[in-house]
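Trainee: Could we go through this structure together? I would like to begin with the charged contacts.

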Amino acid sequence: MTALDFSPAPGAAPFPRMVLAQAGAEVRAMLRNGEQLLLTLIIPVLLLTGFSLAPLIDVGTERRVDFLAPGVLALAVMSTAFTGQAIATGFERRYGVLKRLGATPLSRSGLMLAKTAAVVAVEVVQAVVIVAVGLALGWRPHGSFLSAALLVVLGTAAFSGLGLLMAGTLRAEATLAAANLVYLVLLGAGGVMFPLTKFPAGVRPVLEALPISALTGGLRAVLAQGAALPLLPVAVLAAWAVVSLGLVSRTFRWE
């Protein structure tokens with residue numbers, strides 16, 4: 001008869017389990033943060049509901065909800081992948097959280113993977129809520145779900161790269177101010193609430209090259225007009241993703 005061995009077995013958990021555990025912690029932190037919840041979920045829903053029901057904007061021949069719902073989905077992606085992630089990561093870097101987490105068995109690459117998984121999980125919740133509200137308001141989306149999903153993935157990569165680039169190079173307070181300012185500017189000038197045709201012809205090419213405009217226009221073409229995968233928005237989002245993530249890999253500072 002042998003004695004039971006209750007001595008600890010040192011060693012890190014499997015890498016996927018560590019990533020999932022950290023991603024769960026990131027999601028819980030996002031959902032507990034009232035300011036982030038307001039930015040990522042409540043504001044998009046209020047904008048969709050208010051501007052769909054009230055005749056505050058002229059969207060041409062389209063019904064307001066058909067025009068607004070794809071734009072609000074794009075806004076939700078930007079609010080989570082860019083604004084929320086930039087602010088949270090900036091303050092984590094300032095207070096040494098990233099430095100400490102990066103020294104754990106999870107590793108820094110695992111931490112970034114967990115953050116990405118958390119962003120995607122929150123975006124899924126956002127999409128479910130916004131689509132449900134849109135359907136209740138009379139929205140009837142068309143087109144391919146796979147095409148819309150590909151645009152969202154590319155938009156997430158582009159905005160995540162921009163958010164991490166800002167958080168990894170600026171001071172936390174500067175990141176807070178800049179991320180909110182960019183959010184407001186892109187909300188007004190990215191085709192989310194107002195058609196780009198309302199802007200002067202001279203500035204439209206610049207506005208159409210923005211990632212929010214590409215994501216909004218692509219989702220609107222697929223979900224409102226039933227078009228095939230729009231190649232120009234895909235190319236614009238892919239270019240932003242490659243450039244921003246490439247710069248992040250070279251410039252991001254962990255402390």
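Mentor: Please keep in mind that this is a predicted model. In it, Lys115 and Glu26 form a salt bridge, with their closest N and O atoms 3.4 Å apart.

Trainee: Which helices hold Lys115 and Glu26?

Mentor: Lys115 belongs to helix α5 and Glu26 to helix α1 (residues 15–32), so this contact ties together parts that lie 89 residues apart in sequence.

Trainee: Are Lys115 and Glu26 buried or exposed?

Mentor: Both residues are buried.

Trainee: What else does Lys115 meet in a salt bridge?

Mentor: The side chain of Glu92 meets Lys115 at 2.7 Å, N to O. Glu92 lies in helix α3 and Lys115 in α5, so this pair joins parts that are 23 residues apart in sequence. Glu92 is buried, as is Lys115.

Trainee: How many salt bridges does the structure hold?

Mentor: There are five. Another one of them pairs Asp66 with Arg63, the closest N and O atoms being 3.0 Å apart.

Trainee: Why does Asp66 count as buried?

Mentor: Asp66 counts as buried because its relative accessibility is 16%, under the 20% cut-off. Arg63, at 43%, counts as partly exposed.

Trainee: Turning to the largest pocket, how much space lies in it?

Mentor: About 540 Å³. Its lining has 24 residues, and Ala127, Phe145, Ala148, Ala149 and Val152 lie nearest the centre.

Trainee: Which helix gives the most to that lining?

Mentor: Helix α5 does, with eight residues. By type, the lining divides into 17 nonpolar residues, six polar and one charged.

How values were computed. Residues numbered from 1 in each chain as written. Predicted model: local features only at pLDDT ≥ 70, side-chain atom pairs only at ≥ 80, totals over all residues. Heavy atoms only, no water. 1 Å grid on protein atoms, 1.4 Å probe; cavity = no way out; pocket = protein on both sides within 12 Å on 5 of 7 lines; lining within 4 Å. Points joined across faces, edges and corners; volume = space filled by probe spheres on them. Helix = DSSP H or I, 4+ residues; strand = E, 2+ residues; numbered from the N terminus. Nonpolar A, V, L, I, M, F, W, Y, C, P; charged D, E, K, R; others polar. Salt bridge = Lys/Arg side-chain N within 4 Å of Asp/Glu carboxyl O. Buried < 20%, exposed > 50% of the residue type's maximum accessible area, 1.4 Å probe, protein only.
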